[in-house]
Amino acid sequence: MENNLPVNIREYQELAKKALSKMHYDYINGGAEDEHTLRDNIAAYGRILLRPRVLVDVSNIDMSTSLLGYNMPSPIIVAPTGSHKVATPEGEVATAKAAASCNSLMVLSFSSNCRIEEVASSCNAIRFYQLFVFKKRDVSSTLVRRAESNGFKAIVLTVDTPVFGRREADIRNKMVASPKPNLEGLISIDDLNTTGGSQIEKYARDTLDPSLSWKEVEWLKSITSLPILLKGIVTAEDARKAVEAGVAGVIVSNHGGRQLDYAPATISVLEEIVKAVAGAVPVLVDGGIRRGTDVLKALALGARAVMVGRPVLYGLAARGEAGAKHVIEMLNSELELAMALCGCRSLAEVTRDRVQTEGDRIRSLL
């Protein structure tokens, strides 16, 4: 196997499909309803072209950047995704070690199969913690306190899940909820056996708070001194409200196409959100990134960094920690190559004129 490693994310996806049960592969790979947004997250990158500049000395490429004052060797971050033990027995500890070995920032999901403390002690790295707001606020505040005391550097508040999207593959497969050790003693999950449909859907319905509003951002600011990033913004209007609310960053995300189907592909709305934020806070983007060229396109349209979810899970499912590490390394080396071939020696040179969007092509015809 080591002599015949996958050469791209798509090949890792194929290996993951072979390694996982249908229920677990569909859980990782699936989206909401018709899966239009799921597909368009990827397809929208294909509608953006690169505009390479030539005869530039690219013998030294610098991919380093910073986020909230933390230096990173590359703008590629491991996105928060739940239930990593579905992919590998070591779960999020394997993911954390893979990210740490690449010096990549990782965002740990609230629905991790490994305890916050276990992940924190497994290796040294910069990590953020992703939070949902539960009906019982003390559950959320307890998780925040534990993340703080274990050295997590920021809270990523997911704001696009007041209710759970309809993930039909999980309903069809009667998806079984995996253990959530961080919620033990905080939420009872004994009562999850459901005669039809997805246990995860029932769990979300029982625990998530549909009254979630901008007040919760104020509440979260009142209980933590950590910087807060909002994940799940897809409109300029909400991006402006986020800045007014005093958050430290905005993450353009449609939950990987798993919440509202026919929400826009994230890359297609990135630029309008960057313009709305007007440099007040960094803007990140996730969803659909499968190549280093995708990362370059996102950076050219104004993203400070990108977050990668499913590809890391494909790596974990195929080859455990080594697979996750290889996925991050591949994306980094693809980005470095794309920068060189576009004549960009640093991220500062990855500017708007390096890409041509559909809108640009239409405007050029007018």
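**Close-up 1. The lining of the largest cavity, with the share supplied by helix H8.** In this predicted model, helix H8 (199-207) contributes four residues to the lining of the largest cavity, which is the largest share. Helix H2 (22-29), strand S11 (305-308) and helix H13 likewise each supply at least two residues of this lining. The cavity holds about 600 Å³ of space and is lined by 36 residues, of which Pro80, Thr81, Gly82, His255 and Arg258 lie nearest its centre. Divided by class, the lining residues of the largest cavity comprise 16 nonpolar, 13 polar and seven charged. The structure as a whole holds four cavities of 30 Å³ or more.

**Close-up 2. The largest pocket and the elements that line it.** About 330 Å³ of space lies in the largest pocket, whose lining is made up of 16 residues, with Arg10, Gln13, Ile42, Arg290 and Tyr314 nearest the centre. Two or more residues of this lining come from each of helix H1 (9-19), helix H3 (36-46), helix H12 (292-300) and helix H13. Helix H3 gives the most to the lining of the largest pocket, namely five residues. In terms of residue class, the lining of the largest pocket consists of five nonpolar, four polar and seven charged residues. Strand S8 (residues 228-233) gives the most to the lining of the second largest pocket, with three residues. By class, the lining of the second largest pocket has nine nonpolar residues, three polar ones and one charged residue.

**Close-up 3. The packing of helix H4 against helix H13.** Helix H4 (residues 92-101) and helix H13 (residues 310-341) pack with their axes 7 Å apart and at an angle of about 20°. Since this angle falls under 35 degrees, H4 and H13 are roughly parallel to each other, and their crossing is left-handed. On the side of H4 the contact is formed by Ala94, Thr95, Lys97, Ala98, Ala99 and Ser101, while H13 brings Val312, Leu316, Glu321, Ala324, Lys325 and Ile328. The residues of the contact of H4 with H13 comprise seven nonpolar, two polar and three charged.

**Close-up 4. The crossing of helix H6 and helix H9.** The axes of helix H6 (residues 137-149) and helix H9 (residues 215-223) come within 11 Å of each other and cross at roughly 45°, and the two helices are therefore oblique to each other. The crossing of H6 and H9 is right-handed. Helix H6 takes part in the contact through Arg137, Ser140, Ser141, Val144 and Glu148, and helix H9 through Glu216, Trp219, Leu220 and Ile223. Sorted by class, the residues of the contact of H6 with H9 are four nonpolar, two polar and three charged.

Definitions and conventions
Residues are numbered from 1 along each chain as its sequence is written. This is a predicted model: local features need pLDDT of at least 70, side-chain atom pairs count only at pLDDT 80 or more; totals for chains, interfaces and linings use all residues. Side-chain values use heavy atoms; hydrogens and water are left out. Axes are lines fitted to C-alpha atoms, for helices over the stretch in contact, and angles run from 0 to 180 degrees between N-to-C directions. Angles under 35 degrees count as roughly parallel, over 145 as roughly antiparallel, 65 to 115 as roughly perpendicular and the rest as oblique. A crossing is left-handed if the near helix is turned anticlockwise from the far one by less than a right angle, and right-handed if clockwise. Contact means heavy atoms within 4.5 Å. Ala, Val, Leu, Ile, Met, Phe, Trp, Tyr, Cys and Pro count as nonpolar, Asp, Glu, Lys and Arg as charged, and the others, Gly among them, as polar. On a 1 Å grid over the protein atoms alone, a cavity is a set of points where a 1.4 Å probe fits but cannot get out, and a pocket is an open set with protein on both sides within 12 Å along at least five of seven lines; lining residues have an atom within 4 Å of a point. Grid points are joined across faces, edges and corners, and a volume is the space filled by probe spheres set on the points.
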